[in-house]
Amino acid sequence: RCRPKQFRPPPGQLRGNVKTSKYNALNFLPMNLFEQFQRLANAYFLFLLFLQLIPQISSLAWYTTVVPLMVVLSITAVKDAIDDMVNWHSGIQGSLSCRIVTEKWMNVQVGDIIKLENNQIVTADILLLSSSEPYSLTYIETAELDGETNLKVKQAISVTSEMEDNLKLLSAFDGEVRCESPNNKLDKFTGILMYKGKNYLLNHDRLILRGCVIRNTDWCYGLVIFTGPDTKVMQNSGKSTFKRTHIDHLMNVLVLWIFLFLGSMCFLLAVGHYIWENNKGYYFQDYLPWEDYVTSSVFSATLIFWSYFIILNTMVPISLYVSVEIIRLGNSFYINWDQKMFYEPKNTPAQARTTTLNEELGQVKYVFSDKTGTLTQNIMIFNKCSINGMVYGMHVFLFSLSLGEILLCRLEKVDFSYNKLADPKFSFYDKTLVEAVKKGNHWVHLFFLSLSLCHTVISEEKVEGELVYQAQSPDEGALVTAARNFGFVFRSRTSETIMVVEMGKMRIYQLLAILDFNNVRKRMSVIVRTPENRILLFCKGADTILCKLLHPSCGSLKDITMDHLDDFASDGLRTLMVAYRELDSAFFQDWSKKHSEACLSLENRENKISIVYEEIERDLMLLGATAIEDKLQDGVPETILTLNKAKIKIWVLTGDKQETAVNIAYACNIFEDEMDEIFIVEGNNDETVGGELRYEGRTATNGGEREGQGRFCPKSFWGSLECRCVLVLQAHALEGNLELELLRTACMCKGVICCRMTPLQKAQVVELVKKYKKAVTLAIGDGANDVSMIKVAHIGVGISGQEGMQAMLNSDYAFSQFRYLQRLLLVHGRWSYNRMCKFLSYFFYKNFAFTLVHVWYAFYSGFSAQTVYDTWFITFYNLVYTSLPVLGLSLFDQDVNETWSLRFPELYEPGQHNLYFNKKEFVKCLLHGIYSSFVLFFIPMGTVYNSVRKDGKEISDYQSFSLIVQTSLLCVVTMQIALETTYWTMISHVFTWGSLGFYFCILFFLYSDGLCLFFPDTFQFLGVARNTLNLPQMWLSVVLSMILCMLPVVGYQFLKPLHPLPYPIRTKLKHTASRRSAYAFSHKQGFGALITSGKTMKAKLPKKNSFPYKR
Amino acid sequence: MKRKSQDESRLPDNTAVKQQQLPAFRLQLSANEILSGFFATGVFCLGMGIILLLSAKSISEVEINYTEKCASCAKLREDATHFDKECNCSISFYLPQKMEGNVYLYYKLYGFYQNLYRYILSRSNIQLVGTDLKDVRKCAPFKTSENGLPIAPCGAIANSIFNDTIVLLYNFNSSTHIKVPMVSSETAWWTDKYVKFQNPTYQNLSSAFAGTAKPPNWPKPVYELDEEDPGNNGFINDDFIVWMRTAAFPTFKKLYRRLHRIGNFTEGLPAGSYSFIINYNFPVSRFQGQKAVVLSTLTWSGGSSLFLGLAYLVTGAVTLLASFSMMAIHLKLKERKTFFLQS
């Protein structure tokens, strides 16, 4: 690291490292406590504690609140501490070596000059100063930023490029950069470099952004302009928000409801107390005079309101939030531990980076996926070709045996050992093509020759015989590599020649012109002079364009080839047509003149050039077509199919262009062949886009919203329209004010593709869906360009194990293969959701049943805030007696096993519709709780009322009654959880029955002579257990309570109609697939201009020049 | 450290817990199991109900409410200034059938709230185990007497002790009245009598309670509760202990005496004419309470409450009805299901 002394950093720039850990040993306790009490629930319990300390209204002993609060606070504190430790470890990651000082990236500051080497990831925005390549060119890959896979070139300004790697010069560099303030525009940069008294204009071609990877460049030096949060990528990544689940929100609403319920209950009881005091209490003063401060029954009732507030607070149990956190933590660990989500080749297990979102995984409705690196592997493979009407490149052969049996036979890899320069990684399965090449088939030779000549690839040969191609797009690389393996090896090029080893023979072609690719032309051509002095034009490009330029004599061949192209396209391959033309020397000279004129013209040059190009790209002779497979990640189509069955909608958001994206969408089943309609929205302004959307909406529903069913849109079971059509969007569609229109159309469609998205636009799309649809969204991506949507979506998933870590570091869940998504959602998500719902229903139920008994008792105890239970029972109920069974349930329960979850993805649907826990379910819990509390109060009451033991002694005393109600309550809630548990592991047994047994042990301990005599005022229930637990009446009462509480539940479950799964409505509509994937060229112009200008030719650097064949 | 862990495989452990593959029993109840469970429960409840009702029927019980019958005494007690005037009240009744076996005498109070929050708390267990007579912290509003001495036993419960005395006379014939022999022992829980309540350890009980005052409502101090029997005096007086075990509901009965089965009464109470002589001290009319005396025999299931028996009977009947209707619905649904399958 070298820092120029006189460098002045622009104002307002911060250091790059970010502090991630919150606590240290000293501040942990106060800070953590402060934070915890900021949570509403904890603050509430603190308030309650203070209430309890007021003797006038205290109706419970202080420890009933303090003990649970302490336990809850300490558990949360431990969890926070562990979380923070993890953060602290992840704070230091990645380091970079530098010639002078090796420094961690986190220490890099604005104004440093750093050295980057090949294949390194840039983690700051850097002004390029110089590089190893001629003209200080630096190749970078921006897949992390925009998903595009082609290489891009950056060039340093000449004044700095002279410094090369001269450290003296570099360290003496004292330029001053003035530039715009940090912003999120990835393709814009303006600045001025003031150096040696001169000003140099800087634009974004000089800037290497964070997230790029240096390619094909041995080293380069750069000046750090922006670091950390100021970098363009980070500016694009949006704000990170604290994510909370729907259940969290629901829980807060419900807790509010409970408060209201609690308040009204207390009010009613206070009114009851007022009436009682007037009618009875006042006259009862002989035996219990009012306190001195009580002057009237109204005042007494006011105090009682608060007393009941304290007693009934267990309706909002303090352990609710901490239990929820424990459950989520546990379920997150399952994700980390899952062997089936471990990716062996990269040695990466799945990782739940957030432990608070688990149950939301079971409710996902929309998945937003990145394309490059997530769905695809970013590897292009030459898969098939059609040469002169013959198809080559079948992977499997079908042998028809008798009676229609079909034998699938996988062919062996073709042996390329005859070719010493072959790429060992290349594999091809069709021997016939090799045989054709060996036989010297003219057309095949010409075909491969055109592939080896017509491109802008640059080759590198550091070790002899080991060629490395630097292609601007991976497609081109794949084609040239294919030609190389079949014996037409592109060896090297200069600005005027191309050296090809043809079947072992070295031939040098003179490069006369490169007619480079652009978006309109959708084709590229090269014109070469063969060693035989023929002039040939080779052209490759999109079939739609090229077939118009063919010579009429190719008619029949064209038809056959078009058929083949259809086949290729339906396999999801990226196709490309190849043609050639033999040029007359005189004609070429003529044309060449025109060309140079056009190139030199000052006005309207682009247009003129393309007219000149068109003149020569005519009457082409068709050679054939290629098919390239954009290799998908393993299991992507299957995963998407499964997710679709689970009614999860998948939207692909990509920065890539439309053709590529649509192609991939077909390949991975987002679009199916029998889809009825593809709507493409391409308009550039509001009006056209709006018009397109409205038109499509109408077409799709076909006026169906009135009739209930449209042409393509059967109403789904849940009442939403589900169309069998797909939508393709361009980024501009988002720019207008058409959000709602867009969303309505998009959500009707089965699949949506959004192309040309900047990172922020991706986030916008997610935000849009989040805003207008009450559905859970999940964003999955691998690169820095996905960070924004990962942060915005309810759940962000990062593909880990890639080079960049941006997406992973910002994600909530990370794993290394897209296909694990189905396991994450359908297995882990579903289980987590079910468990959480079961937990919440049961938890609310048990607390209602527990608390409302006091309300019934109020009617018999003069509304005096007398509790039914022993205070120790109240203290331990949530914390000890019932916590383990419910934790066991919510950590181990499985309603169906994983095989079934995956085989019947439809099981996922109830989660999306929030069916297992919602306000209705909560009301059910409440009613169930009220019923149970009714039974739990009145059955024991009836039993002891006016009753005595068989020896005439007391049974109807308060303490015995407490014990009977407590025991009945625990038996009932234990039975209830036993009914809820569907998956009885050993642990469930131990937890459930163990807790019940433990209750009796604690009972005998708390009511034992020793303890009670030692603290007679704290433990007052001396001997109650011994005297009451051996009574037949008591057990008869417990059994009756259990029967009365359980039977209605069992009966309800028995009679409850199962949710009928929607029958798939198949409206078969024949639709002819007529899609053709155009060749996905890079979006920009290729390297053509660079090549012809000779800038890239390394011949100028003698040390790197090691051509074995000298001219 | 990080580097090191990257070399070795980070494959998660293949344990049953981590892979969520714990061997487990899957609880799936079939329709038949549920229906037979319902039937079994119904039959059990019905049977239990019948047994309980039959045994409750075998009890004979006499309850005499004397609030109205001793109206004059009640009137007298309403005025606290007449506390020193004795008032006796005699209530005659005829027992048509003899009460066999052990007969228990209860007093029963209606509308007396022993379960009020402040009332229940108003006692000092420390005092009652005899360790510290001065500990009256929790006894508000009856902590200390007017002259500042701690009350023993302190608190509202002790102060409000039921202090009527009830004597049962057997009218052998019109002239001879035999006092039915009754004992007060073994009316309280063993744990209460011998663990929870203890007198302060002193040679002389009255000196042990020196420095304390009697509860304001009491006519005499605690050490004079039963001067004949030292095992029944002071805090360990049975009547006192029984009262101190507060009732859960405003209507309750408490065991007062047991029949001492000697002489004429070895078999129980013979049929005939009886009368209660009640020394009326406990005022209830002020708060519209009522008092009653109860004579009762007992069975294995305790007192006279019919509730459990009836509850079981009704539950059993309803369960059986429910299981029949469930079976009907189930069969109907099953029919429809098979219909669907066939079509």
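User: Buried means under 20% relative accessible area, exposed over 50% and partly exposed in between, with a 1.4 Å probe and protein chains only; is A:Phe937 buried or exposed?

Analyst: This is a predicted model, in which local features need pLDDT of at least 70 and side-chain atom pairs count only at pLDDT 80 or more, while totals for chains, interfaces and linings use all residues. Residues are numbered from 1 along each chain as its sequence is written, chains are lettered from A and ligands numbered from 1 in the order in which they are written, and side-chain values use heavy atoms, leaving out hydrogens and water. With a relative accessibility of 0%, A:Phe937 is buried.

User: What kind of aromatic pair do A:Tyr860 and A:Phe937 form?

Analyst: Rings of Phe, Tyr and Trp (its six-membered ring) pair if their centres lie within 6.5 Å, and planes under 30 degrees apart count as stacked, over 60 as edge-to-face and the rest as tilted. Over all chains, 99 aromatic pairs are found. For A:Tyr860 and A:Phe937, the centres are 5.8 Å apart and the planes form an angle of 35°, which makes the pair tilted.

User: How many residues apart are A:Tyr860 and A:Phe937?

Analyst: Helices (H or I, at least four residues) and strands (E, at least two) are DSSP runs numbered from the N terminus. A:Tyr860 lies in the loop between α26 (820-858) and α27 (871-881) of chain A, whereas A:Phe937 belongs to helix α31 (residues 919-944), and this pair links distant parts of the chain, 77 residues apart.

User: At what angle do helix α8 (residues 246-279) of chain A and α31(A) pack?

Analyst: Axes are lines fitted to C-alpha atoms, for helices over the stretch in contact (heavy atoms within 4.5 Å), and angles run from 0 to 180 degrees between N-to-C directions. The axes of α8(A) and α31(A) are 11 Å apart, with a packing angle of about 40°.

User: Which residues of α31(A) make the contact with α8(A)?

Analyst: From α8(A), the contact is made by A:Leu250, A:Val253, A:Leu254, A:Trp257, A:Ile258 and A:Phe261. The partners in α31(A) are A:Lys919, A:Phe922, A:Val923 and A:Leu926.

User: Which residue has its ring under the charged end of B:Arg257?

Analyst: A charge sits over a ring if NZ of Lys or CZ of Arg is within 6 Å of the ring centre and within 35 degrees of the ring normal. In chain B, B:Arg245 lies over the face of B:Trp189, at 3.9 Å from the ring centre. For B:Arg257, the charged end is 4.2 Å from the centre of the ring of B:Tyr256.
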